[in-house]
Amino acid sequence: MVEETFVAPNPREAFELAREKYGHFSKLKLLKAIQIKNDEEKLVSQITVSVSSNDFLNSIGYDEEKELAKEIHVLKEQISTMKQLVVPEDTVEVQPVLNAVKAVMLQKGLSEIWLDAMLEEVSKGAVAEDEQLLLSYILDEIDERLMVKPEILSGQKIMMLIGSTGVGKTTTIAKLAARYALLLEKPLKVALVNLDTFRVGAYEQLEHYASQMQITHVKVEKVEAFPKVLHDLKGYDVILVDTAGISPYDTGKLIKTIEFLKNTGDHKIETSLVVSATAKRDDIMDIYEHFSFLEIESVILTKFDETKKVGELFSFLIEKQIPVSYISNGQHVPDDLKVASKEKLMDRFVSEFNE
Ligand SMILES: Nc1nc2c(ncn2[C@@H]2O[C@H](COP(=O)(O)OP(=O)(O)O)[C@@H](O)[C@H]2O)c(=O)[nH]1
Ligand SMILES: [Mg+2]
């Protein structure tokens, strides 16, 4: 209940004021009626009535529903402001982890586009909450995406090595020859074909190994002679073809190598691109783009012993989805050559983290 006073010249008029305000006498209970002096020292009547709280609130224009709606509106606005101030939980916890791992992997030479795509994929999952977990996830992804070409030695195999000058083609041919002819449980009959007639001493370099191993070594100078040479070597299990080092800008040599490849008669030649692990990603890409129309079946990685940073190389292999067949990790013939495996590739990449 609420008490309220009304003042008028006489009690009846005072009561009338109360009735006007509350609509009906029944809503009012008269508590007191007294005479008081007003500001001008004149005697006036003052009545005190009591009314219900509701009637009182209504009388001053308070609408409960409207007020409630107003309060809800204010609350809603407050909540939305609070929401904007509170950063979502995953951004708080996950972003620093994503950033840290990305920085590590970029530093290892992995491609940013590839990393971004992968991190975006995992950013919502629990794996992104822990740096170690995320690192091992990425290593798993690299492991999964790297491709290796198993060594298949059934039937006749003609293998041509192409690549830039000095990457290790001739040395690798000598190592492969030794592997196939001398080191396998069941040795194979190996012949060497040399198409590198540009460089002085190129034939002699390979001949040195061929004569040591007593392996047939044939030089081919003219494109037209190539099919016959291959035909004459039909009794051999493996024919390894050495080529001149081609720079992507040396179209003369490139055209000659292409002509050889187009002139093989019925013989299927497996082309391997020899890439130095020390090369920069852009250079590797350049070389690959120039040779890609030659249907490269695999990559042989050389000079694996000369670099610790293989991230750029891995980015290239993953991006182009080209399998690695052999890894050369030193100058020694025949020891420094391994059949490629994911373990060997990943070991090198992971070892970088432990330094
Ligand atoms: N450190 C290292 N040197 C290598 C490797 N493979 C080849 N080489 C060296 O690289 C140089 C060029 O090799 P070569 O076979 O003549 O290259 P090509 O021009 O491609 O035939 C030689 O000094 C080789 O001994 C390797 O895996 N590691
Ligand atoms: Mg050579």
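**Close-up views of a predicted model**

**View 1. Domains 2 and 3 in the predicted model.** The centres of domain 2 and domain 3, taken over C-alpha atoms, are separated by 35 Å. The domain assignment places domain 2 at residues 90-145 and domain 3 at 157-354. Domain 1 covers 2-85.

**View 2. Where domain 2 touches domain 3.** Here 9 residues of domain 2 are in contact with 13 residues of domain 3. On the domain 2 side, helix α6 (residues 131-145) supplies the largest share, 4 residues. That side has 4 nonpolar, 2 polar and 3 charged residues.

**View 3. The shell around ligand 1.** There are 17 residues around this ligand. Gly168, Lys169, Thr170, Thr171 and Ser328 come nearest. Helix α7 (residues 169-183) gives the most to the shell, with 3 residues. By class, the shell has 11 polar, 5 charged and 1 nonpolar.

**View 4. Helices α11 and α12 packed together.** Helix α11 spans residues 281-291, and helix α12 spans residues 311-320. They pack at an angle of about 35°. Their axes are 9 Å apart. The crossing of α11 and α12 is right-handed.

**View 5. The residues between α11 and α12.** From α11, the contact is made by Arg281, Ile284, Met285 and Tyr288. From α12, Glu312, Leu313, Ser315, Phe316 and Lys320 take part. Sorted by class, the contact has 5 nonpolar, 3 charged and 1 polar residues.

Key. Residues numbered from 1 in each chain as written. Chains lettered and ligands numbered in written order. Predicted model: local features only at pLDDT ≥ 70, side-chain atom pairs only at ≥ 80, totals over all residues. Near = placed C-beta within 6 Å. Helix = DSSP H or I, 4+ residues; strand = E, 2+ residues; numbered from the N terminus. Nonpolar A, V, L, I, M, F, W, Y, C, P; charged D, E, K, R; others polar. Axes fitted to C-alpha atoms, helices over the stretch in contact; angles between N-to-C directions. Left-handed = near helix turned anticlockwise from the far one by under 90°. Contact = placed C-beta atoms within 7 Å. Domains from an automatic or database assignment.
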